[in-house]
Amino acid sequence: MLISAQWPVSADASLDPGPSEEMDWLVQTISAIRALRAELNVPPAARVPLLIKDAEPVASKRIERHRENFGRLARVDKFEVVEALPPGGVQTVVDGATLILGLSEVVELPKERERLGKEISKLDTELAKILAKLANANFLAKAKPEVVEEQRERQVDVTRDRDRLRAAYDRLIAG
């Protein structure tokens, strides 16, 4: 029967985009939480409270529906709705909600601020050196084009890393 059956025509046209959009949202949200944990050196095994602020109804339903996935994949627990950013809380904004990780019991916030500040200073120094090279007419005239391009790529990479760490630092200061 399978050999003589017609091949399905355009099955994608009949699919509901809702579940796909929800899974995309879930992946992006868990990725945002995991990135925040990594930036702030939260121990991988540590479970931290997930506080939810200003959630739209759709986001609230998604969070409730995928509570187990959040717990397993983002290592969060104690889901709670809050009105304001609590002390020791670090937030990330996702589509439809502000999610706050309660880190005060897991991360020593003053030490983490100090560590991030040192890393930012180090990257600022490295970026200044790269910019000085790229502003030097002699360097641009004498260096091989691939060396100049490598310096430009390093400038982009260092700027991106510094901006990511600054965002993490700013989230800690706000908390």
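A: Counting from the N terminus, the elements of the protein follow the order α-β-α-α-β-β-β-α-α-α, where helices (H or I, at least four residues) and strands (E, at least two) are DSSP runs numbered from the N terminus. The radius of gyration of the protein is 23 Å, well over the 16 Å that the globule rule gives for 175 residues, so the protein is more spread out than a compact globule. That radius is taken over C-alpha atoms, and the globule rule is 2.2 Å times the number of residues to the power 0.38. The model is predicted: local features need pLDDT of at least 70 and side-chain atom pairs count only at pLDDT 80 or more, while totals for chains, interfaces and linings use all residues. Residues are numbered from 1 along each chain as its sequence is written, and side-chain values use heavy atoms, with hydrogens and water left out.

In total there are six helices and four strands. The C-alpha atoms fill a box of roughly 75 × 55 × 30 Å along the principal axes. Of the 175 residues, 34% count as buried; buried means under 20% relative accessible area, exposed over 50%, and partly exposed in between (1.4 Å probe, protein chains only).

Now the strands. Strand β1 (residues 48-53) is mostly covered, with five of its six residues buried. β1 pairs with β2 in the parallel sense over four bridges, and with β4 in the antiparallel sense, also over four bridges. Two strands pair if DSSP finds at least two bridges between them. On the β2 side, L51 has E80 as its bridge partner; on the β4 side, I52 has L99.

β3 and β4 run antiparallel and are joined by six bridges. One of the residues involved is V93, whose bridge partner in β4 is T98. The hairpin of β3 and β4 has two residues between the strands, and G96 there takes a positive phi near 95 degrees.

T98 lies in strand β4 (residues 97-102) and counts as buried at 10% relative accessibility. Leaving aside residues up to four places away in sequence, T98 touches L51, I52, K53, Q91, T92 and V93, a contact being heavy atoms within 4.5 Å. For the protein, among contacts between residues at least 6 apart in sequence, 76% join residues at least 24 apart.

Most residues other than glycine have a negative phi. R75, which is not a glycine, has a positive phi of about 55 degrees. R75 sits in the loop between α3 (67-73) and β2 and is partly exposed, with a relative accessible area of 27%. K78, also not a glycine, has a positive phi of about 50 degrees. K78 is placed within strand β2 itself and counts as exposed at 59% relative accessibility.

The loop between β2 (76-81) and β3 (89-94) holds G88, which counts as buried at 5% relative accessibility. The C-alpha atoms of G88 and P145, 57 residues apart along the chain, are separated by 48 Å.
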